[in-house]
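Open the model in your viewer and keep the selection panel at hand. The tour goes stop by stop: select, look, move on.

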Amino acid sequence: MANQVETKLTEELLPLLRKEHYVTIATVDHETGGPNVNAISWVYAMDESKIRFSVDNRSRIVENIKKEPLVTLTLIGAGSTYGITGKTSVLSEKLDDVPLKLALLEIDVAEVRDVMFYGARITTEPKYEKTYDKDAAAKLDKQVMDAMKKA
């Protein structure tokens, strides 16, 4: 039985992308044409059809997207694994009010697909912890998330 494909984030997924959550992004490598997958942390769903994220503006992700804007975010949550695909644009090469040189990018969601294999359910979502100064991490996270929402 095929899984239903949505054209926007569901009510169940939207709140997961409005808080810190483990997400990966797949892009097409601008040099090799092969797949490139990275974990990213600064992700925020503006609404059910737009997802913003921020990465170092020297990141390979930015160069990849400039050449091929189609990406897939992988989100593990709400009991399953989801592939969120869409066209991405670079909104800004430098995110204002943030001490790091971060680019701001936005995905126009085209497809949300449950990609979990048949007969299984996620019972424990991935967890991670920041391994550097927790207070500094919390301050930077707040600066970046506020700047992404405001831009």
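Stop 1: Select Ile40. Leaving out residues up to four places away in sequence, Ile40 touches His21, Val23, Ile25, Phe53, Val55, Ile61 and Leu73; contact means heavy atoms within 4.5 Å.

Two notes before going on. This is a predicted model, in which local features need pLDDT of at least 70 and side-chain atom pairs count only at pLDDT 80 or more, while totals for chains, interfaces and linings use all residues. Residues are numbered from 1 along each chain as its sequence is written, and side-chain values use heavy atoms, with hydrogens and water left out.

Buried means under 20% relative accessible area, exposed over 50%, and partly exposed in between, with a 1.4 Å probe and protein chains only. Helices (H or I, at least four residues) and strands (E, at least two) are DSSP runs, numbered from the N terminus. In soluble globular proteins, nonpolar side chains tend to be buried together.

Stop 2: Select residues 23-28 and 35-40. These are strands S2 and S3, paired in the antiparallel sense over six bridges; pairing requires that DSSP finds at least two bridges between two strands. Which residue in S3 stands opposite Val23? Ile40 does. Six residues lie between the strands of this hairpin, and Gly33 takes a positive phi near 80 degrees. Step on to Gly34, in the loop between S2 and S3. Gly34 counts as buried, at 18% relative accessibility. Beyond four places in sequence, Gly34 touches Thr27, Val28 and Asp29.

**Stop 3: S4 and S5.** Show the side chains of S4 (42-45). Both faces are covered: Trp42 and Tyr44 are buried on one side, Val43 and Ala45 on the other. In a regular strand the side chains alternate between the two faces of the sheet. S4 runs antiparallel to S5, joined by four bridges. Four residues separate the two strands in their hairpin. Pick Val43 and its bridge partner in S5, Phe53.

**Stop 4: Asn57.** Is Asn57 buried or exposed? Buried, at 19% relative accessibility. A polar atom of the Asn57 side chain lies 3.0 Å from the backbone oxygen of Glu93. Contacts of Asn57 beyond four places in sequence are Val62, Glu93, Lys101, Leu102 and Ala103.

**Stop 5: two positive phi values.** Most residues other than glycine have a negative phi, and most peptide bonds are trans. Select Ala78, in the loop between S6 (70-77) and S7 (80-92). Ala78 is not a glycine, yet its phi is positive, about 55 degrees. Ala78 is buried, with a relative accessible area of 18%. Next select Asp97, in the loop between S7 and S8. Asp97 has a positive phi of about 65 degrees. Asp97 is exposed, with a relative accessible area of 56%.

**Stop 6: helix H2.** Select residues 134-150. The 17 residues of H2 should span 24 Å at 1.5 Å a residue, and the end C-alpha atoms are 24 Å apart, which agrees; the expected span is 1.5 Å times one less than the number of residues. Colour the buried set: Ala137, Leu140, Asp141, Val144, Met145, Ala147 and Met148. Seen down the axis of H2, these buried residues fall within an arc of 160 degrees, so they line one face of the helix; the arc is taken from the directions from the helix axis to the C-beta atoms. The buried residues pack against S4, S5 and S8 (102-114). On the other side, Asp135, Lys139, Lys142 and Lys150 are exposed. End at Asp133, which caps the N-terminal end of H2, with a side-chain oxygen 2.9 Å from the backbone nitrogen of Asp135.

Terms used
A polar contact is a pair of N or O atoms within 3.5 Å; within protein, one must be able to donate a hydrogen and the other to accept it, and residues adjacent in sequence count only if both atoms are side-chain atoms.
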